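Dear colleague,

Here is the structure I said I would pass on. My notes follow below it.

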Amino acid sequence: MISVSCSSHSVLSSSASKPKSICPSAQMASAMQLNVKPVRLAFHSRLASKHSHKPTRIRCAAAAAAATPSRRYSITLLPGDGIGPEVISVAKNVLKLAGSLEGIEFSFQEMPMGGCAFDLAGVPLPEETLSAAKQSDAVLLGAIGGYKWDNNEKHLKPETGLLQLRQGLNVFANLRPATVLPQLVDASTLKKEVAEGVDIMVVRELTGGIYFGKPRGFGTNESGEEIGFNTEVYATHEVDRIARVAFETARKRHGKLCSVDKANVLEASMFWRKRVTAIAAEYPDIELSHMYVDNAAMQLVRNPKQFDTIVTNNIFGDILSDEASMITGSIGMLPSASLGASGPGVFEPIHGSAPDIAGQDKANPLATVLSAAMLLKYGLGEEKAAKRIENAVQDTLNKGFRTGDIYSAGTKLVGCNEMGEEVLKSVDSSVLTAV
Ligand SMILES: NC(=O)c1ccc[n+]([C@@H]2O[C@H](COP(=O)([O-])OP(=O)(O)OC[C@H]3O[C@@H](n4cnc5c(N)ncnc54)[C@H](O)[C@@H]3O)[C@@H](O)[C@H]2O)c1
């Protein structure tokens, strides 16, 4: 057992390896969630909590009335840097309460990652952290990075830890919803009539393409001039698996999938289009279209309502999902999920560590709370508990509570903690007492 402390939160890690077991109900439920064959999804569940740290107990009327937990999941929490610990603390309590009301019990293990892990262990992703993540049912991440580590060598930057985590867990599909909530339509920089009702899911390939392709590096060309180069490359299995996740996702939404590429110029994109079209034969109920990335960037601000589900490669997805998220106008509201074919997914807000507001109780925790809802829905197949959280967020906004980033005249300005308390009240609408 090692016990370390990271910024303002304490980190406990058990080095004892724990036996893994497959939880068939979670496996099946998750498979149904994505409509993929159960054998492709193996979610690990520990039947007994072996955690050495004392869990925070939350008691409320309905929770007390909830049935004895019938499902147990282990969650690795990676609070990270900046506002990460603040928003994770809120999301953990919400997850715990929503779960308890649905007969779910969680065991949580907090581990260091990012800049704080570099300070503690000299690397942004310590082996113990990756190992704990691999053994858990799902990973909930806050945010990493900050000015302090900006000049670290590349392999020691907090962001490198994030790439290593995604690679280590082989999470190749990144799901990023961009939904304009009716309560926040005025936060969009687009005209109300353009932004109203936007509900897009961007499915981004996460572990291939130009960010990882080889050869890459620096060198000199034939004229002796210095050059930098990268390689955009995709293999059949990489395109096929992300295409299937996208088709399954579209099937659960409005049945429309737009594949974005640059097939008029890039061979890798021509190949991408060919494979996506081939996989479409397995999904005759889904309406598939193709769009060049430059047009997609334009259409997203011209008429975003035309999109339902978008699938694209790593680099285009990086850019387009940020663009789509800005239609909603509030970076503090947007969750994401990164999924693999088996093992735990990584669930995190899309925002960074916001060093400018860290430690000031100003962070909007709702993106992380909604990431916890995605964890339940896409990671564990616990749709009911996920819905509880989504409804609670809507309810809290309907009551007029706003953090600074989404504040407008006539609403009630609250901090990160108070927003969290209000969401907890809405999850159960009973008075909550932490003991
Ligand atoms: N996945 C990640 O952990 C991740 C993602 C992006 C950036 N980063 C890192 O975060 C650090 C800061 O990056 P940045 O400033 O470009 O992006 P950022 O997302 O941290 O902040 C951008 C702006 O949005 C605000 N903001 C972000 N999240 C908010 C929230 N929940 N509530 C209220 N306001 C919020 C910030 O105050 C800031 O003004 C950098 O080190 C960057 O590398 C990490």
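The protein chain has an average pLDDT of 86, and 83% of its residues score at least 70; pLDDT is the predictor's confidence in each residue, from 0 to 100. Residues 1-65 fall below 50, with 122 contacts in the model beyond near neighbours in sequence. Residues 430-435 are also below 50, with 14 such contacts. Two residues are in contact if their C-beta atoms, placed from the backbone, lie within 7 Å. Where pLDDT is low, the predicted coordinates should not be read in detail.

This is a predicted model: local features need pLDDT of at least 70, side-chain atom pairs count only at pLDDT 80 or more, and totals for chains, interfaces and linings use all residues. Residues are numbered from 1 along each chain as its sequence is written.

Of the 435 residues of the protein chain, 48% count as buried (20 or more other C-beta atoms within 10 Å of the residue's own, all placed from the backbone).

The ligand has 22 residues around it, of which Gly145, Gly332, His351, Gly352 and Asn364 come nearest (near: C-beta atom, placed from the backbone, within 6 Å). By class, this shell has 10 nonpolar, eight polar and four charged residues. Ala, Val, Leu, Ile, Met, Phe, Trp, Tyr, Cys and Pro count as nonpolar, Asp, Glu, Lys and Arg as charged, and the others, Gly among them, as polar.

Regards

Terms used. Buried ≥ 20, exposed ≤ 12 C-beta atoms within 10 Å, placed from the backbone.
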